[in-house]
Amino acid sequence: MGVVTFQFGPYSLNSDTRQLLADGAEVHLSPKAFALLLLLIENRDRAMSKAELQDRLWPSTFIGETNLATLAAEIRRALGDAARGSAYVRTVHRYGYRFVATVSMPAPGPARPAGGPRMYVRTADRQFPLSDGTTTIGRGSDASIQIDAAGVSRHHARILVADGRASIEDLGSKNGTFVGGDRLESARWLADGDEIRVGPVVVTFKIAPATEATEKMK
């Protein structure tokens with residue numbers, strides 16, 4: 001599988017940068033724990049046996065089952081998950097593990113424009129530059145782009161920038177997120193000039209050439 005960004009709950013995982021992010025903030029995982037999480041997500045349509053996981057993570061090496069259990073526990077701690085009633089990594093009794101959360105992936109988008117694009121979201125009176133990683137839009141004080149308006153959820157939507165492209169996903173908001181009049185059901189790529197409606201508020205996604213002067217936030 002090529003470079004892919006997986007989005008689930010408040011998290012995004014990039015197979016190229018090997019980063020796990022929660023609302024734009026990096027969540028630390030050891031290399032083996034990250035590898036296990038990526039394996040489980042890539043094979044989320046089925047449960048993976050302990051034998052297969054051991055062979056994939058430690059090829060040609062005998063490793064006890066406790067090592068897998070330790071890595072699974074590390075992943076759950078990082079995701080704020082629990083072994084019982086797990087929302088992400090579920091233990092399959094006497095067999096192995098399975099990733100059970102809903103995962104979305106933007107379809108392959110356009111190639112990165114030459115010169116390195118600068119991206120931003122524009123409201124009626126402000127511009128918000130977008131950097132690599134996750135930018136959260138919402139009414140909450142911890143949102144990267146705060147929109148204090150009725151009908152906007154605390155964490156309404158998020159924009160993920162990676163590899164020179166940007167995608168947007170609704171975060172289970174009450175009133176939905178719309179792009180070009182279409183309500184988002186899953187993550188989708190953004191194009192220059194796309195109008196995004198967050199509750200009753202409309203913002204515009206813009207891509208500026210790298211040579212354009214730096215935008216100033218008012």
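Where does glycine 176 lie? Glycine 176 sits in the loop that runs between strand 13 (165–170) and strand 14 (177–179). The model is a predicted one.

Start with the overall make-up. The protein has three helices and 18 strands. Of its 218 residues, 46% are buried. Now consider contacts between residues at least 6 apart in sequence. Of these, 46% join residues at least 24 apart.

Next, go inside. The largest nonpolar core has 33 residues. Phe8, Leu13, Leu20, Leu37 and Phe99 have the most contacts inside this core. Several elements give two or more residues to the core: strand 1 (5–8), strand 2 (11–14), helix 1, helix 2, helix 3 (65–79) and strand 7 (96–99). Helix 1 provides the largest share, with nine residues.

Take phenylalanine 8 as a way in. Leaving out residues up to four places away in sequence, phenylalanine 8 touches Leu13, Leu20, Ile41, Leu79, Tyr88, Phe99, Thr102, Val103 and Arg158. Another core lies apart from the largest one. This other core has 20 residues, including Met119, Val121, Ile147 and Val161.

Now turn to a pair of helices. Helix 1 covers residues 31–42, and helix 2 covers residues 50–57. Their axes come within 11 Å and cross at roughly 125 degrees. An angle of 65 to 115 degrees would count as roughly perpendicular, and one over 145 as roughly antiparallel. Helix 1 and helix 2 are therefore oblique to each other. The crossing of helix 1 past helix 2 is right-handed.

Which residues make the contact? Helix 1 brings Lys32, Ala35, Leu36, Leu39 and Leu40. Helix 2 brings Leu53, Arg56 and Leu57. Six residues of this contact are nonpolar, two are charged, and none is polar.

Is glycine 176 buried or exposed? Its relative accessibility is 0%, so glycine 176 counts as buried. What does glycine 176 contact, leaving aside neighbours within four places in sequence? The partners are His156, Asp170, Arg183, Arg197, Val198 and Gly199. Glycine 176 and serine 153 are 23 residues apart along the chain, and their C-alpha atoms are separated by 9.0 Å.

Technical notes:
Residues are numbered from 1 along each chain as its sequence is written. This is a predicted model: local features need pLDDT of at least 70, side-chain atom pairs count only at pLDDT 80 or more; totals for chains, interfaces and linings use all residues. Side-chain values use heavy atoms; hydrogens and water are left out. Axes are lines fitted to C-alpha atoms, for helices over the stretch in contact, and angles run from 0 to 180 degrees between N-to-C directions. Helices (H or I, at least four residues) and strands (E, at least two) are DSSP runs, numbered from the N terminus. Angles under 35 degrees count as roughly parallel, over 145 as roughly antiparallel, 65 to 115 as roughly perpendicular and the rest as oblique. A crossing is left-handed if the near helix is turned anticlockwise from the far one by less than a right angle, and right-handed if clockwise. Contact means heavy atoms within 4.5 Å. Ala, Val, Leu, Ile, Met, Phe, Trp, Tyr, Cys and Pro count as nonpolar, Asp, Glu, Lys and Arg as charged, and the others, Gly among them, as polar. Buried means under 20% relative accessible area, exposed over 50%, partly exposed in between (1.4 Å probe, protein chains only). A nonpolar core is a set of buried Ala, Val, Leu, Ile, Met, Phe, Trp, Tyr and Cys residues joined through side-chain atoms within 4.5 Å.
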